[in-house]
Amino acid sequence: MKRTISIVKKVFKSAAFFSLLSTGTVAAHGADAVLTARTLQTGLIADNKIIVDGSPSTGLIANIFALEFLKTDGIVVKVNESDSERGIYSLIYKNCDIASTTRPIHAHELAEAKREGVKPVQHIVAHDAIIMVVHPANSLSGLTLDQIRNIYAGTYTNWSQLGGPNRPIVLLQRENASGTQETFRDIVMGKSPISMRAITLFNNREIIGRIASTPNAIGMIGRGWIDNSVKTLPVNGVDHSPKTIKDESYPLHRLLYMYTNGHPTGVLKRFVDYSLTPEGQRSLSENGFIAENR
Amino acid sequence: MTRTISFIKRIGIGAALFSIFTAGGVDARNKAITSGLVSDNKIIADGASSAGLIANLFALDFLKSDGIVVRVNESDSERGLYGLIYKNCDVATTTRLLHDQELAEARSQGVNPVPHTVALGAIVMVVHPGNSIKELSIDQIRKIYSGAYTNWKEVGGKDHPIVLLQREQGSGTEETFGDIVMGKTPLSMKVITLFNNREIRSRINETPNAIGYIGHGWIDSSVRPLLVNGIDHTPVTIKDGSYPLSRPLYMYTNGKPFGVLQRFVEYSKTYEGQRAVIENGYVSAD
């Protein structure tokens, strides 16, 4: 709760800052020369903005860092939540400053980048891991990826089909725009649609609260949110730990990347490197991500 | 711009009130019993984002008057309707009427879906005032945005490359454009994403070769609107359905709503509700 509110407050503050900043458009116009000079120095596409396009999970990290850069540099961070591929092509066609992705660039994308004179440079900003959780009284001691997919597709509807008691499974999921939901869909579901009976909740806290009060429920949360009111399930026999997440043996794990055109300079460099600073790493872990030590 | 900022402020105030309100959960429980809502002190909306946006526009007023928090999941019309059928939401936000098989499933679950038209979502294709093109067909627009046409001369204009502008994912405008114009055809990877109606309008105004789309309420003389399939966007052609880039937005409830839920789905008929709808580029349904 505290964390959610602090994020809401952060967003609100940044909105207030943003409105201050943009009411000063006329003044800024007078200072056009200054802005242009800065743009030339930073190599950003738009005046005082960092434009991010791509996967929402990584886009969320850009949003988490946004307030700091508004305060220090007067830079507004705009994030389009599309997907890794669109983000990369947006970088290739010089329509964004950062492609936010959940995978490395493909060879054919790199070839297109070369044709366009663009040199995508990769920056790993965090590890993302999601954890399957059930009620503490649930007797299950783990699930396979295949079992989780069949549960959420609606193929398995009763815990007895998985060796549990004869009780219906209550499915919890996150709202569509959340990075947790995106990670879950990409790694677990693939092209299988999620059952129409899944109940949508709007943050990690709500999932935890509903799991703790619903003996038959299953849900997924970001790793930073686990407490003893829920039971976590190993996946394919692997439990989540900083070690299994960093060595990538934990299955519900992936790396989050930002790509820039060439080695970034100035504010853009500080932005993609922010996850390496103590402040950036604190924001990441407060929001359930695991910082990468480069 | 003012509109965008006032909206951002509204959300901010809403967030602040929300945090105060969630501290007082006990009173809310009694209220839920009389209001028939799925969850204590919340109206949960699920479905198409363009109709969901309207739920968000109304949210602050209901937080102030009733202490009700509005939560919106942006999925799609079908998922919203099944959310209603399985009693996982209070309002299904849709851009179409219920299908027969959905109605049958609702009946088998003892749910009676009732539609409420809350607004019309109309978008307008815009180009630079110096562009010689006056109109496009839906088919031409689709081919422009898929990248099949890349030069204005392919649609009868001058020999200049076409610059494509779109809105960000999650915007109602983008959803309406995607559903009506693109269907399953993927957008060109060369499209430039901008983040609100104002940005599209000003980019069009300074880019002679650009095309974009904005909400009906955002048209001004800095851009030129195009006829679509020969039909101009007017309140008449939008309301009678002849203007192609328009569609009604619905909220479905289980049974005839009462109490706060009734006031919520009928808010678009009030003076305040209509103003919020129109200020954000939608067309009032009444």
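Two strands pair if DSSP finds at least two bridges between them. Helices (H or I, at least four residues) and strands (E, at least two) are themselves DSSP runs, numbered from the N terminus.

Welcome! This is a predicted model, in which local features need pLDDT of at least 70 and side-chain atom pairs count only at pLDDT 80 or more, while totals for chains, interfaces and linings use all residues. Residues are numbered from 1 along each chain as its sequence is written, and chains are lettered from A and ligands numbered from 1 in the order in which they are written.

**Exercise 1.** Find the partners of strand 5 of chain A.

*Solution.* 
- Step 1: Start at strand 7 (residues 217-222) of chain A, which runs parallel to strand 5 and is joined to it by two bridges. Here Leu171(A) stands opposite Ile218(A).
- Step 2: Turn to strand 6 (residues 199-201) of chain A, also parallel to strand 5 and joined to it by three bridges. In this pair, Gln173(A) faces Thr200(A).

**Exercise 2.** Decide how enclosed strand 5 of chain A is.

*Solution.* 
- Step 1: Recall that a residue is buried if 20 or more other C-beta atoms lie within 10 Å of its own, exposed if 12 or fewer, and partly exposed in between, with C-beta atoms placed from the backbone.
- Step 2: Four of the five residues in strand 5 (residues 170-174) of chain A are buried, so the strand is largely enclosed by the rest of the structure.
- Step 3: For the whole of chain A, 43% of the 294 residues are buried.

**Exercise 3.** Locate the largest nonpolar core.

*Solution.* 
- Step 1: A nonpolar core is a set of buried Ala, Val, Leu, Ile, Met, Phe, Trp, Tyr and Cys residues joined through C-beta atoms within 7 Å.
- Step 2: The largest one has 77 residues, and those touching the most other members include Ile43(B), Phe58(B) and Val70(B).
- Step 3: Helix 3 (residues 49-66) of chain B gives the largest share, ten residues.
- Step 4: This core lies between domain 1 (2-119 + 250-279) and domain 2 (121-239) of chain B, because both give residues to it. The domain bounds come from an automatic or database domain assignment.
- Step 5: A second, separate core has 70 residues, among them Val77(A) and Tyr274(A).
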